[in-house]
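Please open the model in your viewer and keep the selection tool at hand.

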Amino acid sequence: MQIKPILSALRRHKAGTFLIAMQIALTLAIVCNALFIIHQRVAHLSEPTGIDEANIFIVKNEWVGAPDSARVDAMMRADLQTLRQVPGVQDATPSNSYPLRGSGWDDGVKLKPDQLQDSSGSTIYFADEHFIDTLGLKLIAGRNFRADEIGHMDMRYKLAPPVVIITRALADKLFPGGQAVGKTIYLIGGPATVVGVVDLLQAQSVERWASDFAYRSVIIPERLTLSLGSFYIVRARPGQLDAAMRAAGKALFAQNPRRVIADDDGLLSFSEVRSRAYESDRGMAILMGVISIVLLAVTAAGIVGLTSFWVGQRRRQIGVRRALGATRQDILHYFMTENLLISCAGVLVGTVLAIAMNLWMVTRFEMHRLSLSYLVTGVVILLLLGQGAVLAPALRASRVPPVEATRSV
Amino acid sequence: MFGYYLDLALRSLRRNKILTALMVLAIALGIGASMTTLTVLHVLSGDPLPGSSATLFYPQVDPRDMDGYEEGKRPPDQVTWTDGNNLLHAKRADRQALMTGGAVPVQPAQSNIDPFFSDARYTTADFFPMFKVPFLYGRPWTEAEDNGRARVVVISRKLNEKLFGGKDSTGQTLRMKDTAFQVIGVLDEWKPTPRFYDIYMQSYGSVEDVFVPLSSSRDAHLEHAGSTDCWGTGGGDGEHAETSPCTWLQFWVQLDGADKVAAYHDFLVHYSQEQKALGRFQRPVNVALPGLMQWMDINKVVPGDVRLQTWLALGFLLVCLVNTVGLMLAKFLRRAGELGVRRALGASRREVFTQLLVESGVIGLAGGLFGLLLAFVGLWLVRKQPSDYASLAHMSLGMLLVTFVLAVGATLLAGLLPAWRACQITPALQLKSQ
């Protein structure tokens with residue numbers, strides 16, 4: 001196939017050629033970045049929490065009135081006892097927060113008391129000895145808390161538990177390559193000995209600002225006794241989640257009615273927690289997907305439209321070529337190659353545009369750098385799209401009979 | 001003449017239905033997507049207090065110790081109890097209010113309503129006149145009541161309807177956390193968007209249901225909610241929040257005039273120097289006095305995703321327009337013969353040009369109308385989302401107008417190049433080739 005005659009033909013259609021190339025370039029730039037955003041969001045919302053999500057639900061319990069810390073502790077213990085006896089409930093634990101909640105207590109961890117900068121950020125989870133079993137965490141070193149180690153504190157006291165359990169991610173950060181169990185870390189209130197390490201436990205927030213300490217959590221052996229209330233994390237026996245949820249709310253009210261468990265978010269299964277935490281990411285991914293598909297469709301339609309016009313305009317030339325011995329294949333190839341040339345030009349410009357657009361988004365929207373594979377994918381998609389779109393008009397062109405050469409339009 | 005062009009345009013559009021539909025659809029999709037996202041962006045980045053936002057400022061000082069100090073960072077987003085009260089009582093601004101958020105258990109007198117939690121705001125007297133808060137019944141509390149730690153409460157219209165059936169409830173008693181408060185005022189509908197005064201609370205929610213004097217909230221041990229940021233020996237303890245080194249309050253001032261703003265900035269610098277001399281502040285003096293809208297910008301109150309979607313939709317519109325330019329170019333050039341005849345029969349270049357522009361205008365108008373429909377569908381979809389701003393996504397008259405101007409303007413612009421190219425046709429050549 002000779003390229004030179006194609007180029008000289010295109011030179012007579014500068015505006016049209018330019019427009020198609022431009023459209024392909026813009027589409028490539030947008031689709032590449034959209035695909036990249038989709039991938040990012042999907043990867044983000046597939047991050048594991050490390051807990052037994054299928055069987056866990058959360059009770060948000062708020063106290064009415066103004067109980068003091070000791071009273072709250074007593075009521076919490078009574079509640080937990082009640083919850084653990086509810087049919088269908090495997091175990092329950094109190095906490096100030098849970099993964100994907102989006103707010104809670106984040107604090108710095110230091111290795112020396114006089115350090116000026118924190119060694120790492122972390123999420124602080126208050127817990128009792130049932131925490132690990134209830135959440136279904138995997139203890140990979142050391143031991144669980146003993147029942148006699150569990151205390152209670154309100155915000156008046158400093159955060160200074162004698163022992164803590166930390167996550168593997170935090171252990172690796174603080175003691176790279178070393179053994180964390182038995183070491184001392186410094187929380188805001190003072191030193192604490194690490195007695196255990198659990199495998200995976202996500203921080204309470206999955207927002208961008210918390211990504212520095214995504215899986216670094218510290219588990220504190222205290223019940224946090226806020227007079228406002230706190231959370232109970234409950235693990236149902238497999239397959240009994242719904243029944244256990246309904247029964248748990250009733251049992252708590254029967255045990256002590258001076259409380260509020262709100263209708264909208266008082267009882268949440270963990271799958272609801274997950275969908276609430278990631279709703280904007282999922283929405284964004286879907287939107288990007290829809291826009292990409294529509295964009296590709298519009299571009300394809302544009303190519304079909306413009307090429308059809310060119311074919312209509314060149315019927316006589318095609319007839320002449322056919323009369324002079326060109327086969328149908330030759331005509332088909334001619335239009336396919338013509339489109340390939342335009343697409344290549346568009347893709348070339350589009351690659352530059354895509355990178356520029358990504359760099360701009362990096363500065364404006366805390367985006368990561370575009371990886372090369374998305375560019376390659378985008379380029380392949382658009383070249384295939386161009387060839388696919390041009391096929392119908394090109395086939396129509398190849399069916400132009402040689403006798404057309406002798407007709408006037 | 002316009003009528004004739006319109007007739008020609010409609011005939012031509014009818015002749016090639018698929019191409020016309022394609023062009024209209026492309027424009028409509030681009031316009032629909034752009035208008036949906038632009039409307040959301042417009043609503044979210046609006047001025048919460050039109051007319052008075054320019055006089056509202058958010059003073060910031062840096063009371064932290066040297067732990068984790070980095071030069072050039074902004075002062076904390078909130079103030080400590082001590083600084084807040086010092087600045088409040090200094091009264092250097094035209095109006096000033098210190099505040100924080102909270103949640104209170106409301107214990108209704110009626111036995112048929114279960115106790116429930118309400119969002120609350122603990123603040124000082126100037127809050128209401130400074131933010132021009134409308135009252136349905138009663139009055140805001142006074143500075144004297146602030147100082148006297150009066151057990152008074154102002155409630156929202158919504159809460160008044162729930163508890164008192166919408167009647168004038170001033171003088172009634174409201175029990176919260178085992179303490180009796182007297183209702184002295186009921187707010188009228190008030191929905192500043194974004195809810196600017198506390199960036200740590202939902203930016204697009206409704207305002208709180210309960211307003212209590214800050215001093216009384218401390219007395220009654222009402223729970224504080226929102227961000228608490230501590231350093232040194234601070235433990236975020238709600239009971240000792242007056243003395244702990246923690247920032248947990250918002251402080252707003254009203255300054256009428258640029259000279260007052262400059263003077264207030266100087267005052268903040270002097271205050272910081274004084275506190276440093278006293279040994280309370282340790283860092284180099286670091287103050288800021290952003291205006292309301294600037295404060296919204298700094299804190300990126302408008303979600304990044306919304307801005308990203310807007311840019312994306314505009315990019316989409318651009319591709320749709322390029323597409324339309326290409327298709328119109330093809331269409332107009334294909335009619336070279338017809339245009340040649342018109343030119344030969346005496347139509348001037350200008351007339352042919354106008355005729356073609358009318359045709360692209362018709363496409364733009366159709367695309368705009370259809371796009372508007374799509375925008376309504378889009379906004380309806382946005383409202384179905386569970387995000388806190390979902391309910392705000394409504395088309396306004398202004399945006400409606402913008403839609404049409406954008407649709408028709410963009411299509412006319414897109415029609416310029418094809419129309420110009422088409423009227424360059426030499427009539428003789430066209431006629432000869434027939």
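Two residues are taken to be in contact if their C-beta atoms, placed from the backbone, lie within 7 Å. The model shown here is predicted.

**First selection: the domains of chain B.** Select residues 2–45 together with 303–432 of chain B, which the domain assignment gives as domain 1. Colour residues 53–298 of chain B separately; these form domain 2 in that assignment. Between the C-alpha centres of domain 1 and domain 2 of chain B there are 50 Å. Where they meet, five residues of domain 1 of chain B are in contact with five residues of domain 2 of chain B. On the domain 1 side of this contact, four residues are nonpolar, one is charged and none is polar.

**Next selection: helix α2 of chain B.** Select residues 17–44 of chain B, the 28 residues of helix α2. Most of α2(B) is covered, with 21 of its 28 residues buried.

Display both chains. The contact takes 41 residues from chain A and 45 residues from chain B. On the chain A side, select α2 (14–45) and α8 (279–313), each of which supplies at least two residues. Which helix gives the most to this side of chain A? It is α8(A), with 17 residues. Colouring the chain A side by class shows 24 nonpolar, 13 polar and four charged residues.

Key: Residues numbered from 1 in each chain as written. Chains lettered and ligands numbered in written order. Predicted model: local features only at pLDDT ≥ 70, side-chain atom pairs only at ≥ 80, totals over all residues. Helix = DSSP H or I, 4+ residues; strand = E, 2+ residues; numbered from the N terminus. Expected span 1.5 Å × (residues − 1). Buried ≥ 20, exposed ≤ 12 C-beta atoms within 10 Å, placed from the backbone. Domains from an automatic or database assignment. Nonpolar A, V, L, I, M, F, W, Y, C, P; charged D, E, K, R; others polar.
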